[in-house]
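Trainee: Could we go through the terms used for this structure, setting each value against its definition?

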Amino acid sequence: MIACLPMYDRPELLCATDALWASISNHLRNFGIKVPNRLTRSPNYEDFWESPDLIFGMTCGQPYRDRLHGRVFLIGTFDYALPNCPPGYYQSHIIVRKGDSREKISDLHGAKFAYNSVNSESGYCCVLRLHENLKSFCGDLIETGAHDYSIIKVFEGSADFAAIDAVTWRYFKRSNPEIASKIKIIQSTDPVPGLPLITYKKKFVTNITKAVELALIGSPEIKNALQIKEFVKIPPDHYIQ
């Protein structure tokens, strides 16, 4: 069996993320379900999403929409209580360096765009929906591999702008306040459903849902560390629209 929570698995959150899984897995064992003691971690975490052994995982909205929908089963979504977002939804912030005179994304024609991955809803696809031909809109496209690296590229000046998941941006500001203070948000995208929690094990969906709910209710310190407000259910078709 595989359990993974790779999308917000930041170094400063490892202990809290492990503690969250420990609580969820304990409840699942109480339901008579065999689960791994530890989260599986690997640079190739995308392979987990399509593994028949996946009992619990977190994916991005774009791969769920494009290839996982109908193949995996949606458990629910964590709500991070983001401003201007419905429960369980999130958005991206378009960031530039402080001192940059541009005030909205339409001002960024010819600018260098740093993005984490082309399969990222929050780092790439949200901008692609605003400008379908990014190659002609942007002066350069710079793939960084992670939101944090995109922020650093903007901070250092090797990129002009990036789109950053609002949850990641909140985490980053807390752990890197000096860098964040040199960055400004010029625009935020429309909210979309948050990162899906998924499983390949249809027969366990109800018990997994209950285990997540019980884990959050019984672990306020973990919720605080991860800045999770609650667990919500968003219909699968909301991700496909």
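Predicted model: local features only at pLDDT ≥ 70, side-chain atom pairs only at ≥ 80, totals over all residues.

Trainee: Why is α1 called oblique to α9?

Mentor: The axes of α1 (residues 14-30) and α9 (residues 205-218) come within 8 Å and cross at roughly 130°. Angles under 35 degrees count as roughly parallel, over 145 as roughly antiparallel, 65 to 115 as roughly perpendicular and the rest as oblique, and therefore α1 is oblique to α9. The axes themselves are lines fitted to C-alpha atoms over the stretch in contact, with angles from 0 to 180 degrees between N-to-C directions.

Trainee: Which residues make the contact of α1 with α9, and how do they divide by class?

Mentor: Contact means heavy atoms within 4.5 Å; L20, S23, I24, H27 and L28 of α1 meet N207, I208, A211, V212, L214, A215 and L216 of α9. These residues divide into nine nonpolar, three polar and no charged.

Trainee: What makes α3 and α4 roughly perpendicular?

Mentor: The axes of α3 (residues 61-68) and α4 (residues 121-130) come within 8 Å and cross at roughly 75°, so the two helices are roughly perpendicular to each other. Their contact is made by G61, Q62 and R65 of α3 and E121, C125 and R129 of α4, which by class gives one nonpolar, two polar and three charged residues.

Trainee: Why is A81 called partly exposed, and why does N84 count as exposed?

Mentor: Buried means under 20% relative accessible area, exposed over 50%, and partly exposed in between, with a 1.4 Å probe and protein chains only. A81 has a relative accessible area of 41% and is therefore partly exposed, whereas N84, at 70% relative accessibility, counts as exposed. A81 lies in the loop between β3 (73-79) and β4 (89-90), and N84 is found in the loop between β3 and β4.

Trainee: What is the phi of A81, and what is the phi of N84?

Mentor: Phi of A81 is near 50°, and N84 has a positive phi of about 65° although it is not a glycine. Most residues other than glycine have a negative phi.

Trainee: Which residues of α7 are buried?

Mentor: In α7 (residues 166-175), A166, V167, T168, W169, Y171 and F172 are buried.

Definitions and conventions
Residues numbered from 1 in each chain as written. Heavy atoms only, no water. Helix = DSSP H or I, 4+ residues; strand = E, 2+ residues; numbered from the N terminus. Nonpolar A, V, L, I, M, F, W, Y, C, P; charged D, E, K, R; others polar.
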